[in-house]
Amino acid sequence: MTQFSIVVPTLNESENIDLLLTRLFALNIPSDNFEVIFVDDSSSDGTPDKIRAWQKYSNIQLIERTGKPDLTTSILTGADVARSDVIVVMDADLSHPHEQLNALVTPILQDGYDVVIGSRYINGGNTHNWPVYRQLLSRMGGWLARPFCDVSDATSGFFAFRKELAATVSKQAHGYKILLEILMANDGNLRIKEIPICFRDRVRGTSKLSFSHQRTYMQRLMTLAGGAITRRTAGRFALVGLLGVMVDVLVFKWMISHDAGLALAHFVSFFVAVSVNYTLNATWAFRQHRVSYVQWYRFGRFLTVGALALLLRGGVLALFVQIAYLPPLLAIFPAIIVTALVNYLGSAFYVFPAEKNLPSPNIRWRVAAIGIVAFCIVLRLIYLGLAQLIPDEAYYWQYAQHMDLSFYDHPPMVAWLIWLGTAVLGDNEAGVRAGAFVCSLIALGFLYTYAQNLYDKSTALRAVLLFSVLPLGFLPGFLMTPDAPLAAAWAAALYFMERALVASQSSAWWGMGIAFGLGLLSKYTLVLLGPAALLFVLIDPVARRWLGRPHPYLAAILALLIFSPVLVWNFQHEWTSFMFQTTRHVADSGQFSVHYLLIYIMILLTPIGFFVAMLVLFSGSLHDKNANQYELRDRKRLFIQIFTGVPLFVFLIFSTFDHPKFHWTGPVWLAVMPSIAWMIGQAANTGRLSEWLQKAWRATIVVCLFAYAFTLHYVVLGIPGIPYPLFSEHYFWRETTLEVEKIAEEVRQQTQQEPIIVGMSKWSVASSLYFYNHARGDLDIRSRNLFGDSGAMYNFWFPTEPISNRPIIQIGMKAIHLEQIREGDNLKQMLIQPGEIKYRMIQKDGILLRYVYYRISKGFGTI
């Protein structure tokens, strides 16, 4: 009885036929257990004759195809005539290890697997005598496929599968990677095993691999992922795009020549060009998707992609004009190129997706995750150095100008990262924020592996999608505050704690110790994971055994060693930082603010995210299809609930007597993020609720992306028709500093003395002015602590002075700020001949940005 059929596609392989068959028949496999089916693609070197010479054996077949050679078609043709239910695919060039045929088919014949892959890229697998460029091409092909296939070597040509799977391959399939076709056509429904193999480069004959094969592979991969991508659509889109570029540039040039302004010119030229492009794409480039009526959902998708492309393009335009100092008429070209790429991918995968052989919802969510995460990364990267610093970032930049082991109101990690970023990129916005960008990538990596350990790759991709688009992840990934390294350390700590407490990996304790130590150097909030870990160990009987082992205690010692700079600084300064953090909430007690906490959580998670998080935490909606036992499923649920619930409970308690900060609970939701992501993919399993949740999530993702892109474009280039004073109090400090410098120069001219600039806030005003004046350094800038009020680190950097006869220029975001210091003190009595409170309008290119308030005095003294 024939147990398996070996399908060998051939094209000019006459030199290898005899040796291949000799080796196959020399195997310790009875000849009646297998058959060899050669499918020849019109060889011209006598390959069919070589095969016919072996047809004295009844288990050898030859099929001669005519027409264009195609590996996928050849294999399907061979599988169609196979007498067995198990198909083995191998090359004729002797590159595949024939001696591992038994290892390849046994898991299917005996263990119930559907596909077994001979993998070059798992432990024990390798390639031998392959040119470097071939190895790179193979690796790249595998890496590109890995987001869609849960295997290490999706481009392997040596594999076995059940015959019925051939019927699932699309009739449009072509190229040389049929394994990819099988895996993606049966996404999530296969039992797959990989075995290590040694791949050897051919000795005889020539390789058939060419650039056209690589292009076909890329095209087919994107088509399988749901994109309407063919050579025809790409060519037509390129032609339409070239016409659109011409229209775009001509309109942009005309607008600029008529003094329209950069933002208005690029808006108008984009809308004119994109209208032309959409009309031609809908009626010509993607005409196979055209219908005789207006599809409003498709038009809405077009508007979504167009708006995001426009807002991203504004950043590219500003980058080349403001940073690279290119003239606008040259800067528009790279901006158009980026826009064209976004529009093409958005049109192919979202506006006009492939509607025949549509991939599974799981694959579509994977594609969406990759595209959206990439967009968020690019959006942040482009605007990183364009958007001005907010006061918090300027304050932490001042940390880096006064480097120390720690600081009064925060641990030192934020200062260390800013120091490193500015050392590489300079004292500018990009240098300050580089650390936040890197930390966001680290957080994404650890969150992905944490979610994959709890669930699977699809859930992990959706988890990083949510983290990228929700405010709790996007904001720390852009703004350089202590929350940026905290998010990375929190995600790392969760990963290592799950590995240690749930998966029982002893080596994970070292990672946990490092993550805890670095997290405490970032923000003291991470200490809340300690009680959560202890509670889990006390409740979970499997994890409880760690109490009698040295690993947790060694991890704690390692964390304390890493945290020791903060301990040393506090010891040197009478534990002032710890006292500040532990007493300020008690000092401000009496304000019940739980409702504010819930509002802030709904902002960080969005309303739909908050609803799903509560559903997961309180209904126990956790199901792990990969868990082998209920106990493991239950332990994972317990882990998520405790590591979310304990920190959240602490914040709830605080909010009963103190007003919470907006960003406090951000990292708390990392523990439950995989479960929220898992629920997105359960529409088919949990009915109408999950279907509604999917629709709500789609809308939420679009709104979040648009909000970020719109805001960044607004603060950098503006939005035509929308005034600027929405950010009048806390932004546009570059322009404000220039105006303050003018005021200071006027005072110098009048008094012949150097004035003292006093920012009338704890640190916001002074730090912002300090950052945007530091290149010139001609201002003596202090905080309100000069008058005896609190100034946070300014109390250490610039201690209070008892008296000064130098002119004082108070600067405030509001007029009332110039009158206020500590309760009970009369600021006006401290000032010597204080003038009236005045204001100046801050403008740029004739556009009102904000107001700044100031008052000039001849000096100050004690009351």
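**A walk through the model**

Student: Which residues does S43 touch, not counting those up to four places away in sequence?
Tutor: S43 touches T10, L11, N12 and P48. Keep in mind that this is a predicted model.

Student: And where is S43 found?
Tutor: S43 sits in the loop between β2 (34–41) and α2 (47–52).

Student: Is S43 buried or exposed?
Tutor: S43 counts as buried, because its relative accessibility is 15% and the cut-off for buried is under 20%.

Student: How far is S43 from L479 in space?
Tutor: The two are 62 Å apart, C-alpha to C-alpha, and 436 residues apart in sequence.

Student: OK, zooming out. What does the C-alpha trace span along its principal axes?
Tutor: About 115 × 75 × 50 Å. The protein has 863 residues, and 55% of them are buried.

Student: How many helices and strands are there?
Tutor: There are 31 helices and 16 strands. Among the contacts with a separation of 6 or more, 76% are between residues 24 or more positions apart.

Student: What about the surface and charges?
Tutor: The accessible surface is about 37100 Å², and carbon and sulfur atoms account for 61% of that. There are 71 positive and 61 negative side chains, with the centres of the two sets 5 Å apart.

Student: Let's switch to sheets. What is the strand order in the open sheet of five strands?
Tutor: The order is β11-β10-β12-β15-β14, and the pairing is mixed.

Student: In which sense do β10 and β11 pair?
Tutor: Parallel, over four bridges, with β10 covering residues 756–759. One of the residues involved is I756, whose bridge partner in β11 is D780.

Student: Which helices pack on the sheet?
Tutor: Helix α28 (residues 733–751) is one of them, touching β10, β12 (808–812), β14 and β15 (847–857). The direction of α28 makes about 130° with that of β14. Helix α29 (residues 764–773) also packs on the sheet, where it touches β10, β11 and β12. For α29, the angle with the direction of β11 is about 160°.

Student: Last topic, backbone angles. What is the phi of F732?
Tutor: F732 has a positive phi of about 60° although it is not a glycine. Most residues other than glycine have a negative phi.

Student: Where does F732 lie, and is F732 buried or exposed?
Tutor: F732 lies in the loop between α27 (688–716) and α28. With a relative accessible area of 3%, F732 is buried.

Student: And what about E574?
Tutor: E574 also has a positive phi of about 60° without being a glycine. E574 is in the loop between α21 (551–572) and α22 (576–587), and E574 is exposed, with a relative accessible area of 69%.

Methods: Residues numbered from 1 in each chain as written. Predicted model: local features only at pLDDT ≥ 70, side-chain atom pairs only at ≥ 80, totals over all residues. Heavy atoms only, no water. Helix = DSSP H or I, 4+ residues; strand = E, 2+ residues; numbered from the N terminus. Buried < 20%, exposed > 50% of the residue type's maximum accessible area, 1.4 Å probe, protein only. Contact = heavy atoms within 4.5 Å. Areas by Shrake-Rupley, 256 points an atom, 1.4 Å probe, with all protein chains shown as cover. Lys, Arg positive; Asp, Glu negative; His and termini not counted. Charge placed at Lys NZ, Arg CZ, Asp CG, Glu CD. Pairing = 2+ DSSP bridges. Axes fitted to C-alpha atoms, helices over the stretch in contact; angles between N-to-C directions.
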